[in-house]
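Here is a short briefing on one protein chain. Please look over the sequence and the model before reading on.

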Amino acid sequence: MAVALRQRSTMAHHPNSGSVDSALRQERFQLSARGASVALARHRVRSRVLEWGFQEDLCESAELVMSELFTNALVHTGSEQILCVLRAHERRMLYIEVADQGGGPAVPTPREAGLEDECGRGLALVRALADAWGDRPGVNGGRLVWAQMSVTTGR
């Protein structure tokens with residue numbers, strides 16, 4: 001199934017991989033592409049989103065979205081590092097980006113997982129939890145996948 005909505009990112013570039021800019025309410029961080037990093041990404045989302053004043057339900061949804069996007073980058077690309085960006089807009093909108101280094105399929109495509117399948121539901125979860133999501137070419141052949149969530153979409 002094709003992604004229904006595509007949008008150009010308006011992400012501001014900051015040189016530090018772990019920087020927090022409170023005026024923009026944005027954080028960028030880069031993690032090694034390994035299984036243990038999924039939990040680190042989830043923890044980073046939880047602490048920052050709560051610090052920014054969002055409610056618990058959106059925080060939980062954002063953690064799950066980050067987990068799914070990060071896991072997809074980990075599993076489906078040959079990345080050594082994965083870049084994550086969180087951006088908040090006035091406690092009403094949260095934007096999540098995950099950028100890989102490439103080596104995977106051209107575009108992320110949701111699929112129908114069977115009842116017995118252990119994987120294949122990640123993008124369906126992202127689609128269910130986000131107002132919008134999409135992807136675009138990233139830097140140096142990689143891919144950037146994003147999700148936008150509002151306080152009304154937290155489940």
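E63 counts as buried, because its relative accessibility is 10%, under the 20% cut-off. The model is predicted. E63 meets R46 in a salt bridge, 3.1 Å from N to O. R46 lies in helix α1 and E63 in helix α2, so the pair ties together parts that are 17 residues apart in sequence. R46 itself is partly exposed, at 24% relative accessibility.

**Overall layout**

- The protein chain has three helices and six strands.
- Along the sequence, these elements follow the pattern β-β-α-α-β-β-α-β-β.
- Of the 155 residues, 45% count as buried.
- Take the contacts between residues at least 6 apart in sequence: 61% of them join residues at least 24 apart.

**Salt bridges**

- How many salt bridges are there? The count comes to seven.
- One of them joins E27 and R48, with the closest N and O atoms 2.8 Å apart.
- That pair links distant parts of the chain, as E27 sits in strand β2 and R48 in helix α1, 21 residues apart.
- Are E27 and R48 buried or exposed? Both residues are buried.
- E27, R44, R48 and E51 are linked in a network of salt bridges.
- R143 and D135 also form a salt bridge, the closest N and O atoms being 2.6 Å apart.
- R143 counts as buried because its relative accessibility is 16%. D135 is buried too, at 3%.

**E27 in strand β2**

- E27 belongs to strand β2, residues 26-32.
- Its relative accessibility is 1%, so E27 counts as buried.
- E27 and L86 are 59 residues apart along the chain, yet their C-alpha atoms are separated by 5.2 Å.

**Helix α1**

- Helix α1 covers residues 36-51, 16 residues in total. From first to last C-alpha it reaches 23 Å, close to the 22 Å expected at 1.5 Å a residue.
- Which residues of α1 are buried? They are S37, V38, A41, V45, R48 and V49.
- S37 lies in α1 and is buried, with a relative accessible area of 1%.
- Beyond its neighbours within four places in sequence, S37 is in contact with L31, S32 and F70.

**Helix α2**

- Helix α2 has 21 residues and reaches 30 Å from its first C-alpha to its last. That is close to the 30 Å expected at 1.5 Å a residue.
- The buried residues of α2 are L58, C59, S61, A62, E63, V65, M66, S67, E68, L69, F70 and A73.
- What covers the buried residues of α2? The cover includes β2, α1, β3 (81-89), β4 (93-99), α3 and β6 (143-150).

**E68, a buried charge without a partner**

- E68 is in helix α2, residues 56-76.
- E68 is buried yet has no salt bridge. The nearest side chain of opposite charge is R42, 6.3 Å away, whereas a salt bridge requires nitrogen and oxygen within 4 Å.
- Leaving aside neighbours within four places in sequence, E68 is in contact with G122, L125 and V126.

**L123 in helix α3**

- L123 lies in helix α3, residues 122-129.
- L123 counts as buried because its relative accessibility is 9%.
- L123 and N72 are 51 residues apart in sequence, and their C-alpha atoms are 8.7 Å apart in space.

**Cysteines**

- A disulfide is a covalent bond between the sulfur atoms of two cysteines.
- How many disulfides does a search of the whole structure find? The search finds zero.
- C59 is buried, with a relative accessible area of 0%.
- C84 also counts as buried, because its relative accessibility is 0%.

Technical notes: Residues are numbered from 1 along each chain as its sequence is written. This is a predicted model: local features need pLDDT of at least 70, side-chain atom pairs count only at pLDDT 80 or more; totals for chains, interfaces and linings use all residues. Side-chain values use heavy atoms; hydrogens and water are left out. Helices (H or I, at least four residues) and strands (E, at least two) are DSSP runs, numbered from the N terminus. Buried means under 20% relative accessible area, exposed over 50%, partly exposed in between (1.4 Å probe, protein chains only). The expected span of a helix is 1.5 Å times one less than its number of residues. A disulfide is a pair of cysteine sulfur atoms within 2.5 Å. Lys and Arg count as positive and Asp and Glu as negative; His and the chain ends are not counted. Contact means heavy atoms within 4.5 Å.
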